Amino acid sequence: MIKTDLSDLALFGGAPAFNEMLHVGRPNVGDRQQLLTRINDMLDRRWLSNNGPFVQELEEKLATFLGVAHCIVICNATIALEIAARALGLKGEVILPSFTFVASAHALQWLEITPVFCDVDPLTHNIDPVMVERLITQRTSGIMGVHVWGRACAIEELGGIAKKHHLKLLFDAAHAFGSTHQGQMIGGFGDVEVFSFHATKFFNTFEGGAITTNNDELAQKIRRIRNFGFAGMDNVVDIGTNGKMSEASAAMGLTSLESLDKFIGINYNNYVAFSKGLYGIPGVQLIQYSEKEKNNYQYIVVEIDENTTGLSRDLLVKILHAENIRARRYFHPGCHQMEPYRSSFANNRLALSETENLTQKVLQLPTGTAVGEEEISRICELIHFVFVNGIKIRTELQSLEHNISDM
Ligand SMILES: Cc1ncc(COP(=O)(O)O)c(C=O)c1O
């Protein structure tokens, strides 16, 4: 139903725009029959984990797809980041953006490496290389760039800084599977790159991730660390962990891979539909993807400028949630505002004004195979309605809150 009156909004007692919840990152599932056939093969073989044939096949196919010498699949990206950091010998301090998912920082802190948070470029949402250089100290051992929304961060600039200061360079590419930088697939940059194949990512293995590198020696070390540090039967040579991917996850990955073009096509069409639907709302800006690069278009990210709209991002989220549109604030409130970093942030050296600004503005809307043009057009109409009536909505809410406090 099209909303024409404030009382039509679910927040004020109207019927929600959607009966079923629309989620950000609802999982994509490829050809179900293919997946079940693979799961049956796996059960017949009774080879469920420990570098099974599906894991090997997936690693080979991913390395070819990404144009990289080595792809080591891992049980998830958080463990993959930890393994990568250990394999690179990171210690002391590592510089990374605060505007990322908290797993990027936790993976370092888990190894007792201090994450030093850097601000971002407000245009790209990616780490600001100028500030990176100012944060380098005697204790710095590496830089972790994050390709936020699958848009490559400043790879060349960070590479130059890492080289100049003899630092390791890794990329959290959790968002960037299928994206390119200057025509080259993300995956082969820096010392290592780390992908997430979590269920909410456009390419998923239920839970999963991968480390990619062109360094043969490093790849061997990563493989050992993934498997408890074993270098052959009964011979442990490193501190290892259990980072193995199961065969069931690899079966899902092989199946997802066969539908990759379809998933990207749907995401792209959804992105175009959102661009058209949100066009012309003052203060509402959908992020842009370069037409010159490949992207997976998994992230429908909108910046809400409250000074222009007159209505905050947080209030919009509240309204959308009531309508069963589970829009998400990202990466709110920023890693440096989360524990244990919040308490130790006094140790950090520079203010993160762009990050703090962005975490108040950014909103992610539902997309993927679970959402089509019909839903998108209704979401956009609703957002138009909300902002056209922004002042009235705020006044109505204030009087409701006033009445409640009087009771
Ligand atoms: C930027 C970033 N890094 C790391 C991760 C952790 O990935 P996983 O859930 O596979 O451990 C995520 C997950 O959403 C992420 O968005």
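Colleague: Which helices each supply at least two residues of the shell around the ligand?

Modeller: α3 (77-87) and α4 (102-110). They're called helices because each is a DSSP run of H or I with at least four residues; strands are E runs of at least two, all numbered from the N terminus. Keep in mind that this is a predicted model, where local features need pLDDT of at least 70 and side-chain atom pairs pLDDT 80 or more, while totals for chains, interfaces and linings use all residues. Residue numbers start from 1 along each chain as its sequence is written, and side-chain values use heavy atoms, with hydrogens and water left out.

Colleague: What makes a residue count as near the ligand, and which come nearest?

Modeller: One of its heavy atoms has to lie within 4 Å. There are 14 residues around the ligand, and Ala77, Thr78, Asp172, Ser196 and Lys201 come nearest. By class, the shell has 4 nonpolar, 8 polar and 2 charged residues.

Colleague: How do you know which pocket the ligand takes up?

Modeller: A molecule sits in a pocket if more than half of its atoms lie within 2 Å of the pocket's grid points, and here the space taken by the ligand is the largest pocket. The volume of that pocket is about 700 Å³. It has 35 lining residues, with Phe101, His175, Thr200, Lys201 and Tyr330 closest to the centre. α3, α4, β14 (328-329) and β15 (362-365) each give at least two residues to this lining, which splits into 15 nonpolar, 15 polar and 5 charged.

Colleague: What makes something a pocket rather than a cavity?

Modeller: On a 1 Å grid over the protein atoms alone, a pocket is an open set with protein on both sides within 12 Å along at least five of seven lines, whereas in a cavity a 1.4 Å probe fits but cannot get out; lining residues have an atom within 4 Å of a point. The second largest pocket holds about 390 Å³, and Thr124, Asn126, Arg151, Ala152 and Cys153 lie nearest its centre among 19 lining residues.

Colleague: Why is the bond between histidine 332 and proline 333 called cis?

Modeller: Its omega is about 0 degrees. The bond from glutamate 339 to proline 340 is cis too, with omega near 5 degrees. Proline 333 is in the loop between β14 and α12 (341-344), and proline 340 lies in the loop between β14 and α12. Most peptide bonds are trans.

Terms used:
Ala, Val, Leu, Ile, Met, Phe, Trp, Tyr, Cys and Pro count as nonpolar, Asp, Glu, Lys and Arg as charged, and the others, Gly among them, as polar. Grid points are joined across faces, edges and corners, and a volume is the space filled by probe spheres set on the points.
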